[in-house]
Protein chains: 2
Amino acid sequence: MTKSNHKISPINSRSRGENTREALIEAALEIFGRDGYQAASTRSIADKAGANQALINYHFKGKEGLYHAVFEYIAEQMTQGMGQIAEDIRKSLETIENQSKAEQTAFAIASLEKIISRLVHMMNSNLTKHWSTNILREQQSPTAAFDIMNTGPMGRLFKLCTRLVAICKNIPAESEQARMLSLLIFGQVHVLRACRATLLSHMQWENFGEEQMQFAENLIYQNLRAILQTD
Amino acid sequence: MTKSNHKISPINSRSRGENTREALIEAALEIFGRDGYQAASTRSIADKAGANQALINYHFKGKEGLYHAVFEYIAEQMTQGMGQIAEDIRKSLETIENQSKAEQTAFAIASLEKIISRLVHMMNSNLTKHWSTNILREQQSPTAAFDIMNTGPMGRLFKLCTRLVAICKNIPAESEQARMLSLLIFGQVHVLRACRATLLSHMQWENFGEEQMQFAENLIYQNLRAILQTD
DNA sequence: GTCTATAGTCGGATAGAC
DNA sequence: GTCTATCCGACTATAGAC
């Protein structure tokens, strides 16, 4: 089979260039995640993508451009990963405004559980395996790449959680208490991914699969109810 | 002042070599933490330490040896940082065995609060500023360096917390529930350091100083009591 | 758009004088 | 123990053919 520079048939919605571009981004996501920005070599990324090293400069203007493209990709996937969940909750919030406090609280807790469940699964799926390391690195010393996510889906999700927490605790959604509480709740989910080595060692687990995830999730639900119950 | 290879006077407890060694470790802690293992150059480490680059090979057999020395240093400092707190709690645990459940629970919660307070402050002090990034990196893909801490002070502290949690919840200290709960509680402390960029952005804070620390700490205490109360 | 080849830079390690 | 000087490998980016 000989190589050709002709455009592929219109049956394929994507041009050859777009395929290469995406292959490079997915390879970069993995290699940047595994090795860090500096340790990752454009050679190894191109190899994994099955593309030529020089194409990184052609498509992304350089290593840094590719790095930013990776975070735009993550932000996109993050939005898709949360699916309709966040949107549905936002809509429902408007319709339950004139319900009783107890009903609103019940809805808020159920919504938080849905978000937590999705987060736990997202943060441990194979698809997102390499997000965490990339994001964690940016948390420590944020570059322009961090803003791409933070002003995007991540920030919006945090605002939503804060509103839900505020409903349960009967405090304003703008209060520092509501904000910090949503962060602390997220911390319980976050530790499962960020401290994976400690988790496995401390729990004496071989891996963190569906069963282990469910176990952790249920305990987080219990904690959530304990923390948010108004008394 | 001319350089000399003679041993310095016995009034100084340390030889010239030991001073160089420690300067290199402290510089390496910072540079490895900031740049990651690979991105950190032995040249920049030597520069910051005010030492010659070739001395890294002389003292540590190479870059990797220096990296391991850094984690031994962290483990040492970690033990010192917890001070007598952990030891005191372990001792007291033996003497309160025949007290009432309520008294034991009160002691366990007070102890956990002491540990949490110390952890929050340790994880945010200038002295330990560079630990986190080094440790977080090892959590994602553990090398031999991770074992140095995990089998040391970190593992012991987790076991202690698990015992305290088990007392409150009236469950065996070997149960997965007690282990996971102590991990989830730690997650609330951990998120304050590991998600620093998100924390600042979400809270709309400029920095995370003593005042902010106290605010977060108090909320963690409240959550702790809510989570561990037996009903 | 994709390729090969290479220029230019930097980092880890070592040899050997002091 | 500490220094200078240097070797050699690996990396990013670019030039230019196809």
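I began with DNA strand D and noted that, in this predicted model, 18 residues lie around it, of which A:Thr42, A:Gly62, B:Gly17, B:Asn52 and B:Ala54 come nearest. I then looked up which elements give two or more residues to that surface, and found α2 (42-49) and α3 of chain A together with α1 (16-35) and α3 of chain B. By residue class, I recorded five nonpolar, 10 polar and three charged residues for the surface near DNA strand D.

I next turned to DNA strand C, which is surrounded by 18 residues, with A:Gly17, A:Asn52, A:Ala54, B:Ser41 and B:Gly62 as the closest. Here at least two residues each come from α1 (16-35) and α3 (54-60) of chain A and from α2 (42-49) and α3 (54-60) of chain B.

My last entry concerns helix α6 of chain B, residues 101-122, whose 22 residues reach 31 Å from the first C-alpha to the last, close to the 32 Å expected at 1.5 Å a residue. I listed its buried residues as B:Ala108, B:Ser111, B:Leu112, B:Ile115 and B:Leu119. Because these cover an arc of only 100° around the axis, they fall on the same side of α6(B). Among the elements that cover the buried residues of α6(B), I noted α5 (85-95), α8 (144-169), α9 (176-194) and α11 (210-228) of chain B, whereas the face turned away from the buried side carries the exposed residues B:Ala102, B:Glu103 and B:Ala110.

Methods: Residues numbered from 1 in each chain as written. Chains lettered and ligands numbered in written order. Predicted model: local features only at pLDDT ≥ 70, side-chain atom pairs only at ≥ 80, totals over all residues. Helix = DSSP H or I, 4+ residues; strand = E, 2+ residues; numbered from the N terminus. Expected span 1.5 Å × (residues − 1). Buried ≥ 20, exposed ≤ 12 C-beta atoms within 10 Å, placed from the backbone. Arc of directions from axis to C-beta. Contact = placed C-beta atoms within 7 Å. Near = placed C-beta within 6 Å. Nonpolar A, V, L, I, M, F, W, Y, C, P; charged D, E, K, R; others polar.
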